[in-house]
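Please look over the sequence and the model below.

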Amino acid sequence: MPRRLISTGSPFEKAAGYSRAVIDGDFAFVAGTTGYDYATMTMPADVTAQARNCFKTIAAALKDGGFAMADIVRSTYYVTDVGNADAVLAVCGEVLGDIRPASTILVVASLFKPEMKVEIEVTAKRRTA
């Protein structure tokens, strides 16, 4: 199966030379995803809303690649303020509580733009029957 690139349609992907996700065989590698609403290209101020948007974008990329959220095996969370970690982890629990991938959370000095409070990346492996 050839490698397949998944895009959200954001012009930034082409300009920066990356894909939202890369499908390679039974694996999907989803790039770090911030809380933009790609339909409106807006970023909510609230970290909880940003985390929910991250997962919305991730779910769409996985679905486009033929994967389900239940296929996620690894996740990494980046937050810019330790005070936001609990809110982000609460959303992670809502979305991934039954999936329970191997996960890491990091507190970082900043992300690409100051309004970005959280970034999430995942790896998924297609399940076999």
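This is a predicted model: local features need pLDDT of at least 70, side-chain atom pairs count only at pLDDT 80 or more; totals for chains, interfaces and linings use all residues.

Which residue's side chain meets that of Arg126 in a salt bridge? Asp26 does, at 3.5 Å from N to O.

Residues are numbered from 1 along each chain as its sequence is written, and side-chain values use heavy atoms, with hydrogens and water left out.

**Salt bridges**

A salt bridge here is a side-chain nitrogen of Lys or Arg within 4 Å of a carboxyl oxygen of Asp or Glu. By this rule the count comes to 4. Three of these are listed here, including the one above.

| Salt bridge | N to O distance |
|---|---|
| Arg4 and Asp64 | 3.5 Å |
| Arg126 and Asp26 | 3.5 Å |
| Asp71 and Arg127 | 3.7 Å |

Helices (H or I, at least four residues) and strands (E, at least two) are DSSP runs, numbered from the N terminus. The salt bridge of Arg4 and Asp64 links distant parts of the chain: Arg4 sits in strand S1 (residues 4-6) and Asp64 in helix H2, 60 residues apart. The salt bridge of Asp71 and Arg127 also spans distant parts: Asp71 is in the loop between H2 and S4, Arg127 is in the segment after S6, and they are 56 residues apart.

Now the accessibility of these residues. Buried means under 20% relative accessible area, exposed means over 50%, and partly exposed lies in between (1.4 Å probe, protein chains only). Arg4 is partly exposed at 37%, and Asp64 is partly exposed at 41%. Arg126 is partly exposed at 22%, as is Asp26 at 35%.

**Aromatic pairs**

A pair of aromatic rings is described by the distance of the centres and the angle of the planes. Rings of Phe, Tyr and Trp (its six-membered ring) pair if their centres lie within 6.5 Å; planes under 30 degrees apart count as stacked, over 60 as edge-to-face and the rest as tilted. The structure holds 4 aromatic pairs. In one of them, the rings of Phe12 and Tyr18 have centres 6.0 Å apart and planes at 65°, so the pair is edge-to-face. In another, the rings of Phe12 and Phe112 have centres 5.5 Å apart and planes at 40°, so the pair is tilted. Phe12 lies in helix H1 (residues 11-16) and Phe112 in the loop between S5 and S6, so this pair ties together parts that are 100 residues apart in sequence.

Phe12, Tyr18 and Phe112 form one aromatic cluster. Phe12 is partly exposed at 39%, and Tyr18 is partly exposed at 27%. Phe112 is exposed at 60%.

**Helix H3**

Helix H3 covers residues 85-96. At 1.5 Å a residue, taken times one less than the number of residues, its 12 residues should span 16 Å, and its end C-alpha atoms are 16 Å apart, which agrees.

Which residues of H3 are buried? They are Ala85, Val88, Val91, Cys92 and Leu96. Seen down the axis of H3, these buried residues fall within an arc of 130°, so they line one face of the helix. The arc is that of the directions from the helix axis to the C-beta atoms. The face turned away from the buried side carries the exposed residues Asp86 and Glu94. What covers the buried residues of H3 includes helix H2 (47-64), strand S4 (72-79), strand S5 (102-107) and strand S6 (118-125).

**Ser75**

Ser75 is found in strand S4. Ser75 is buried, with a relative accessible area of 0%. Contact means heavy atoms within 4.5 Å. Leaving aside neighbours within four places in sequence, Ser75 is in contact with Leu96, Pro101, Ala102, Ser103, Thr104, Glu121 and Val122.

**Positive phi**

Most residues other than glycine have a negative phi. Met41 has a positive phi, near 55°. Met41 is in the loop between strand S3 (27-34) and H2, and is partly exposed at 43%. Arg100 also has a positive phi, near 50°. Arg100 is in the loop between H3 and S5, and is exposed at 69%.
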